[in-house]
Amino acid sequence: IDKLRSGGGARDGESLAVVAELWDRWLTSFPEEQRTPAMQSHDEFRWMVEELRISMFAQPLGTSVKVSPTRCEKLLSADKR
């Protein structure tokens, strides 16, 4: 609540938009029949997005790999389906 009062909530909104855009781009890279959680769970990008969420919204937890929106973009571009 204090964070919202001090204007810090705007940064959370921006971070959420970055994650949502990357997630949507990744999901649309799959053919329609493969857009199920079971089919996607092995994909490295999916896990990078989860790590990105942690790095943006729960920094004290830390991440298992270095991750940033730029790294996600690179993996998404290299992994064209």
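Reply: Happy to! Let's start with Ser15, which is buried, because its relative accessible area of 10% falls under the 20% cut-off. Please keep in mind that this is a predicted model.

Where does Ser15 sit? The place of this residue is in helix α2. Helix α2 itself covers residues 9–28. Setting aside the neighbours within four places in sequence, Ser15 is in contact with Met56 and Phe57. There is also a pairing to look at with Pro69: Ser15 and Pro69 are 54 residues apart in sequence, yet their C-alpha atoms are 9.5 Å apart in space.

Asp12 lies in helix α2 too.

Now let's follow Met56 into its own helix. Met56 belongs to α4, a helix that spans residues 44–57. Helix α4 packs with helix α5, residues 69–78, at an angle of about 170°, and their axes are 10 Å apart. Since angles over 145 degrees count that way, α4 is roughly antiparallel to α5. Which residues meet there? From α4 come Glu44, Phe45, Met48, Leu52 and Met56, while α5 brings Pro69, Arg71, Cys72, Leu75 and Leu76. The residues of this contact divide into eight nonpolar, two charged and no polar.

A search of the whole structure finds two aromatic pairs. One of them is formed by Trp23 and Trp26; the pair is tilted, with 4.9 Å centre to centre and 50° between the planes. Trp23 and Trp26 are three residues apart in helix α2, so about one helical turn separates them. Trp26 counts as buried, because its relative accessibility is 1%.

Arg53 lies over the face of Trp23, at 5.2 Å from the ring centre. Arg46 does this with Trp47, at 4.6 Å from the ring centre.

Finally, let's step back to the whole protein. How many helices and strands does it have? The secondary structure comes to five helices and zero strands, and along the sequence this reads as α-α-α-α-α. Of the 81 residues, 23% are buried, and Ser15 is one of the buried residues. Among contacts with a separation of 6 or more, 52% join residues 24 or more positions apart.

Technical notes
Residues are numbered from 1 along each chain as its sequence is written. This is a predicted model: local features need pLDDT of at least 70, side-chain atom pairs count only at pLDDT 80 or more; totals for chains, interfaces and linings use all residues. Side-chain values use heavy atoms; hydrogens and water are left out. Helices (H or I, at least four residues) and strands (E, at least two) are DSSP runs, numbered from the N terminus. Rings of Phe, Tyr and Trp (its six-membered ring) pair if their centres lie within 6.5 Å; planes under 30 degrees apart count as stacked, over 60 as edge-to-face and the rest as tilted. Buried means under 20% relative accessible area, exposed over 50%, partly exposed in between (1.4 Å probe, protein chains only). A charge sits over a ring if NZ of Lys or CZ of Arg is within 6 Å of the ring centre and within 35 degrees of the ring normal. Axes are lines fitted to C-alpha atoms, for helices over the stretch in contact, and angles run from 0 to 180 degrees between N-to-C directions. Angles under 35 degrees count as roughly parallel, over 145 as roughly antiparallel, 65 to 115 as roughly perpendicular and the rest as oblique. Contact means heavy atoms within 4.5 Å. Ala, Val, Leu, Ile, Met, Phe, Trp, Tyr, Cys and Pro count as nonpolar, Asp, Glu, Lys and Arg as charged, and the others, Gly among them, as polar.
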